[in-house]
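Trainee: Could you take me through a close look at one part of this model, namely the salt bridges, and explain the terms as you go along?

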Amino acid sequence: MAWLEDGTLVDSSVHSGPVTFVPGRRSVMPGLENLVIGMTPGESRTQRIPPDLAFGPYRPELSWRVQRNWLQAKDVIPWFGLGLGIRMKNRSLARMIITELDDELVTLDANHRLAGKSILVQLDLLEILNAPNSDRAPS
């Protein structure tokens, strides 16, 4: 399970089943990889993971204020929490969320919703599996 320092639950595998990952492959946050190092099956650990080892720092340069009518011209009715895919000038797709809006302006934020936040993680190691192709270095 993972939760914020104020007690807000942000993730749990209780209903979805155990999470499987190969350390070094960067498929989970670095703090989770670090937490599992040295654990043995059946062991449980709870630890605070700082932002730089979780979802990264909050980066203000990934937040933009745009005119509300810019979105409406694209047939988007803006509302707080709406997720959007915005095509950037370099043709990449940026995923953004509306975090503020008023009659004239809308704030689009491309930061992860947990960026800049410490995460408390409870990890119960069930088993250690042999990874396929484990003789190869992580990519």
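Mentor: Let us begin with Arg-65 and Asp-102, whose side chains meet in a salt bridge at 3.8 Å, N to O; the term means that a side-chain nitrogen of Lys or Arg is within 4 Å of a carboxyl oxygen of Asp or Glu. Arg-65 lies in strand β4 and Asp-102 in the loop between β6 and β7 (105-109), so the pair ties together parts that are 37 residues apart in sequence; strands (E, at least two residues) are DSSP runs, numbered from the N terminus. This is a predicted model, in which local features need pLDDT of at least 70 and side-chain atom pairs count only at pLDDT 80 or more, while totals for chains, interfaces and linings use all residues. Residues are numbered from 1 along each chain as its sequence is written, and side-chain values use heavy atoms, with hydrogens and water left out.

Arg-65 also forms a salt bridge with Glu-100, where the closest N and O atoms are 3.7 Å apart. This pair links distant parts of the chain, since Arg-65 is in strand β4 (residues 63-67) and Glu-100 is in strand β6 (residues 93-101), 35 residues apart.

As for accessibility, Asp-102 is partly exposed, with a relative accessible area of 36%; buried means under 20%, exposed over 50%, and partly exposed in between (1.4 Å probe, protein chains only). Salt bridges that share partners join Arg-65, Glu-100 and Asp-102 into one network. Arg-65 is partly exposed at 43%, and Glu-100 is partly exposed at 47%.

By this rule the count comes to 5 salt bridges, including one between Glu-61 and Arg-59, with the closest N and O atoms 2.9 Å apart.

Conventions: Helices (H or I, at least four residues) and strands (E, at least two) are DSSP runs, numbered from the N terminus.
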